[in-house]
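Please read it alongside the sequence and the coordinates.

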Amino acid sequence: MSSSQAPADGSSAPQPKRDIGGAYHPPEKDLVPGPDGTMMSKSAAKKAFKLAEAAAKKAGKQAVAAERKGNAAEGAPKKEKAKKEKVEEPEWVNKTVAGEKKDLSAPMESGYNPDHVEESWFAWWEKAGFFTPSEPSEADPYDPEKTFVIPAPPPNVTGSLHIGHALTISIQDALIRWHRMRGYRTLFVPGYDHAGIATQAVVEKRLAKLEGKTRYDYGREKFVEKVFEWKDDYQARIANQMRRLGASYDFTREAFTMDEARYTAVTENFCKLYEDGIIYRANRLVNWCCRLNTTLSNLEVDQKELKGRTLMNVPGYDDKEKIEFGVIVSFSYKIAGSDEKITIATTRPETMLGDTAIAVHPKDPRYTHLHGKYAEHPFLPNRKMPIVCDDVAVDMEFGTGAVKITPAHDPNDYEVGKRHNLEFINILNDDGTLNEEAGPFAGQKRFSARRAVIEALKKEGLYVETKDNEMTIPICSRSGDVVEPLIKPQWWVSSRPLADGAVKAVREQGMVIVPSQSEREFQKWMEIIQDWCISRQLWWGHRIPAYFVNVEGVEQDKDDPAALKNWVVGRTEAQAHERAKAIAGDKPYKLEQDEDVLDTWFSSGLWPFSIMGWPEKTKDLEYYYPNSMLETGWDILFFWVARMVMLGVHLTGSIPFKEVFCHAMVRDAHGRKMSKSLGNVVDPLDVISGITLDNLHAKLLEGNLGQAEVQRAAASQKKDYPKGIPQCGSDALRFALCAYTSAGRDINLDIMRVEGYRKFCNKLWNATRFALAKLEGGFQPPAERTPSGKESLVEKWILHKLDAAATTINNGMSQRNFMAATAAAYNFWLYELCDVYIEAIKPITDPTTSDPAARASAQATLFTCLDEGLKMLHPYMPYVTEELWQRLPRRPSEKSETICLASYPEEMAERKDAQAEEDFEQIFAAVRGVRSLAADYGIQSNIQAFIEVTSSDSRIAQLFESQKDVIVTLVKGCKSVNVVPASSKDIPAGCVVTTLSASANAHIVARGVIDVGKELAKLDKKLQLNDQACKKERGVQERKEEFEKMPKEVQERSIGRLKELEAEGEALRAARGNFERIRGDE
């Protein structure tokens, strides 16, 4: 988040230099004066001023404390603090009938309460159908150029939404609401993904934890019912979270990847691809999880990096039994018919039981004499392993230059096996035990067999050594088990023809991927794409619509490659029978549907068009496909986005969306990946409503974490949220997430910063509440939005700023620059409307004003800023903007009953006024100058200011003269402002001065207003304390030997502290010089 978007309490980074109201100026290349007048770079000066300011504040507090202490010692009477009379506010009661428009008849509360503000609005929006696009008609025909559609990425029903989902929803809904307000026909379709392996795994863990049962105890049908119960529960929770976040989905089109419509689409997809020769069945290498007994996609496999020997727990083994990884074991094979041996090395010694060859480089002179010979297997006497020459698999310079080949259990060896027509021997059962091919080791668990094989090699005298080895091991992200490469008969998608078609369509139909880095990665992946295994050995998911034709009297094995011709596919069982008859002829047969289910991505890959009714030719498909854009994380660009593009192009002939925006990944404030075991996964509702630390801890117990993980997560929560998470509201959360967003790789999200935006909401509330008081007395907004031409300078300025903000926001949204868009809205409200305009018009809008026409004009401008300012914010903050907008009066031309459908502010030529901006900048420069002088000299009231016009341009003097009242209003404690010519005798002696520009200086009277001697005494005392502190800190650092032994963070703190103290000293000496000058004038 840029510093221009710091929370309203100013608690984060210093604000960049701004003109009036905070408009950002890019860094200047020339040098600028620091606090002591020394020329330095702008960044260094900025830092020095910040340190000086902090130091001055600190010194001021110390001086006040010391003075109080002195007064107390002298027996000075304590001043009694005036007690503010607390006004009792009636208890807030929501009188709204469910689903009806919110009842706002009660007076506004004195402060912003997100719970109260957010009640009732969504139910009304939904019931009124504001989020359902109107059917095209003669009066409102379909226009593809004014249609905007986002297929919301369906969250998994594995659990509730987390803060990463909230980011996605906030970005997408901001775009949808922005387009809707700009007159687009919008469609935002909500949905949920069944998430096959993830949901099955979490339900299995839950059943084991609560009931001590497995899925086999239930059987397939009953277990699937249990998973549906889980799905129904979490789908309802997710839908509630979506509504609480204010996401303007069309819930009448709600979809689930396993509902009837999606079932039809998935079945059609499988059958069509099979009939087109794209889907085939083959015995190939897959990622296998022994714990879950299923194939895994690459996305479900984590790569754990090891630096060397590491002992790890593996699921299925006793907790006390640690398995050794991160080592490489060398052993030898005997060469048949000789006393010679050949040495190889492996990180998985147990796989030697599946070795069927040894590869050497054809040009390696060490092994030329072994070409065509065989090695003997020490434990499987009937297995002779050929020495094969392979210049792809073997690097002569690495190790011994000889490589063991296990084609059925290693991806590289699999390719060697195909090249040399080797035997593929699978030594593993599905549960990770060794099968009969492992000979004397059959029945052992794979890692128990690892130790047993090493011991047996030692007995045979074939063991050489074990060494540490830096490596990665594949871990199942769902079970934590070590993944095994395994040969399995599965259904596969031939990806090459799909990818070629997709790349061509993307190029010809112009699909854009943002950022460009993601587009390059997409193209690269399409070039190197491999075939896609779509079989999963699960019970939860879309069962594969493929059937084995078991012909009576014919001996056949459905897993035998020779029986491939006996497989048929069918959209219905009737169609499958029709096709089976062609295979069985007149013989009786049975159809056996494949037990496996399809990979989740196979169904979610259809999402953009299945939610529009495909394969039926529906009106939704006609109007809303292809979708306008997909917004998602870059991490699933290949696993999901690429497959949607491939399937969309092949099945519909069109790219599924015109634009892909890849947002950054959300990490915690420390840059760590979100993980339940780390305790940093945050439920958006806990940020919206707030939650205590105890309740955060209690939530950890609801999941499947082990006791040690719960303790670790609880400790992390206590560190990050010692007081829990404060109530922030949905609007603040959404705004914060959009403000953080850029098309990058990572967002380090500090949840506590959201609280700053809650204070911004409070600012909006108070500003509108104050403004409504200024609009009382029968005010009626003008019918037209254009200026009347009679506006004062400050009105012209604020309307110019309103136009600039609207332009920046619209450009930012068009360019998907959410950071710039939110910064423009924030800056307009906080620094321009609230800090300047509302303050400036307070006297003018007073009912007792002597100029009713000026009051009416200021009111009209105030209304315009509130009305359009709330509309500008609405895409990011739907609830508070609706609540406040509904309390405003209406222009006669305003026909919308909700801000959701009101027109979004656009650039307006009539509001542009560069001259007014330039003129008011001069006025506000005077305001800043007088404020600065008053602060430097501690003058808080009865400020008498003189604006000395040094320019010969009479217009400048007239400008300041006409705006004296505005300057007085904007400078707190200002009594009067006089405009005088250069070197005027009207400027009294004893004034202090600052230069505003080449055209003007500002003076304020200091003599007689402050006690110079007393101020100097205070400064001397502060300087003495500062000198002592600097001396002490320098002393620590000058003891170099001792200092260098200190921890690095202690050294850094000491260096930083000295810099702060030195900056404080410079500021104090500069202040002392100012007071000395005043005394000299006296």
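**Cavities and a covered strand**

The largest cavity has a volume of about 140 Å³, and among the 15 residues that line the largest cavity, those closest to its centre are W92, D103, L104, E883 and R887. The model is a predicted one, and it holds three cavities of 30 Å³ or more.

Largest cavity
- Helix 2 (114–118) and helix 26 (878–887) each contribute at least two residues to the lining of the largest cavity.
- Sorted by class, the lining of the largest cavity comprises seven nonpolar, two polar and six charged residues.

Second largest cavity
- The second largest cavity, with a volume of about 50 Å³, is lined by R348, E350, T351, H409, I427, L428, L434, R446 and E484.
- Three nonpolar, two polar and four charged residues make up the lining of the second largest cavity.

- Strand 35 (residues 1000–1005) is mostly covered, with six of its six residues buried.
- In a regular strand, side chains alternate between the two faces of the sheet; in strand 35, A1000, A1002 and I1004 point one way while N1001, H1003 and V1005 point the other way, and all are buried.
- Strand 32 (residues 943–949) runs antiparallel to strand 35 and is joined to strand 35 by five bridges, with A1000 as the bridge partner of V949.
- Strand 34 (residues 991–995) is also antiparallel to strand 35 and is joined to strand 35 by five bridges, with I1004 as the bridge partner of V992.
- Strand 34 and strand 35 together form a hairpin, in which four residues lie between the two strands.

Methods
Residues are numbered from 1 along each chain as its sequence is written. This is a predicted model: local features need pLDDT of at least 70, side-chain atom pairs count only at pLDDT 80 or more; totals for chains, interfaces and linings use all residues. Side-chain values use heavy atoms; hydrogens and water are left out. Buried means under 20% relative accessible area, exposed over 50%, partly exposed in between (1.4 Å probe, protein chains only). Two strands pair if DSSP finds at least two bridges between them. On a 1 Å grid over the protein atoms alone, a cavity is a set of points where a 1.4 Å probe fits but cannot get out, and a pocket is an open set with protein on both sides within 12 Å along at least five of seven lines; lining residues have an atom within 4 Å of a point. Grid points are joined across faces, edges and corners, and a volume is the space filled by probe spheres set on the points. Ala, Val, Leu, Ile, Met, Phe, Trp, Tyr, Cys and Pro count as nonpolar, Asp, Glu, Lys and Arg as charged, and the others, Gly among them, as polar.
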